[in-house]
Amino acid sequence: MKYTELKNFLADGGSGIFLLAGDDAYFLDNAEKMIKGAYLQLPELNFASFDGDQLKGQAIKRLTDALAAFPFMAEKRVVRVNEFYPSDADYDRYLKPFFADFPYTAILIIVNTQTKKGVADLKRKQCINYVDCGRADEEVVTRWIYLTLKRTGIAAEAEACINIARYCLCNMSRVSIETQKIIIYKGGAGTLTAKEADELVYKDADYRVYEMTGAVAAKNYSRFYEIADELTLKGMDSMAVMNSLLSYLTSLVTISSSDKSDGELAKSLGMKEYGVKRSREQARRLGTARAKELCAVIYGAISGVKCGTLTQDSAYRLVCSQIFFAV
């Protein structure tokens, strides 16, 4: 199930074993809080936590023993295990028979942030309630922002909500912080315009690099320089700007040249699926051939600095001239 479905699942009496898996810290933390809120009483007596790295082979019995323990003056005992990736052999020997007859007095919360090969695929086990805590898509995040602001008395323009999601790269941890900042600023009343959102919300550095590439595609030198200047003020020097731009353009070339799905590319490149989708859109505007040309130019300038034939400033000026003024 998706994170957004967990609340209703718990309200309907869903219990047992929960696997919270994904890379969004906000979803992971709040999903755990929801489960604990539904079932945990007297936490000092009915809660136990384990490190998954310590649970291998015979040591897994520590986990099953904790789950089998009867709760004290409560209906459920809650056990949490962090980063738990048992092998297929360990799962079949120690967990499968126990999970098949899982104690009705226990709740198990497994929190995994990684994807590993050669281990038991817990999310496909029928006895486990898998909760997808991966980064949500733009539509889901935008709706969350709109509804959260609406509940506090703030009417937000659709464009403002979309921009907030994009500025934060759909990272719910950042989205929630920025949304709370807006609620405080607006005092829980009024209308949030796109212009206000642009002024209030901190833009992720990766998003700024994305905007820089958009400025390149539009041949908007002033916009490119404005963003580069802002990044420099935040601690990036001209070399870091060139490296960031090169890294982004290289990914753009890889993505635009591939016929794999967004999900497949996200896994192989170590990116978020949302980022791959946005990169495809960017690649269409810039053009694969132009992206390749710019990669060669920037790589040559960076190499010149490392070899001592160019200063950082002259290399940066060379890149800018090639981006906007080369024939």
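Buried means under 20% relative accessible area, exposed means over 50%, and partly exposed covers what falls in between. Keep that in mind as you explore these close-ups of a predicted model.

**View 1. Glu-138 and Arg-166 meet in a salt bridge.** Their side chains come together at 3.0 Å, N to O. This pair links distant parts of the chain, with Glu-138 in helix 6 (residues 138–151) and Arg-166 in helix 7 (residues 158–167), 28 residues apart. Arg-166 has 24% relative accessibility, so this residue counts as partly exposed. Glu-138, at 17%, counts as buried.

**View 2. In helix 8, Glu-178 forms a salt bridge with Lys-181.** Here the closest N and O atoms are 2.7 Å apart, and the two residues sit 3 places apart, about one turn of the helix. Glu-178 is buried at 6% relative accessibility, while Lys-181 is partly exposed at 35%. Glu-178 also meets Arg-174 in a salt bridge (3.2 Å, N to O). Because Arg-174 and Glu-178 are 4 residues apart in helix 8 (residues 172–186), about one helical turn separates them. Arg-174 is buried too, with a relative accessible area of 17%.

**View 3. Ile-35 belongs to the largest nonpolar core.** This core has 75 residues, and Ile-35 is listed with Leu-20, Phe-224 and Met-242 as having the most contacts inside it. Helix 12 (residues 238–256) gives the core its largest share, 9 residues. Leaving aside residues up to four places away in sequence, Ile-35 touches Leu-6, Leu-10, Phe-18, Leu-20, Leu-40, Ile-107 and Ile-109.

Notes:
Residues are numbered from 1 along each chain as its sequence is written. This is a predicted model: local features need pLDDT of at least 70, side-chain atom pairs count only at pLDDT 80 or more; totals for chains, interfaces and linings use all residues. Side-chain values use heavy atoms; hydrogens and water are left out. A nonpolar core is a set of buried Ala, Val, Leu, Ile, Met, Phe, Trp, Tyr and Cys residues joined through side-chain atoms within 4.5 Å. Buried means under 20% relative accessible area, exposed over 50%, partly exposed in between (1.4 Å probe, protein chains only). Contact means heavy atoms within 4.5 Å. A salt bridge is a side-chain nitrogen of Lys or Arg within 4 Å of a carboxyl oxygen of Asp or Glu.
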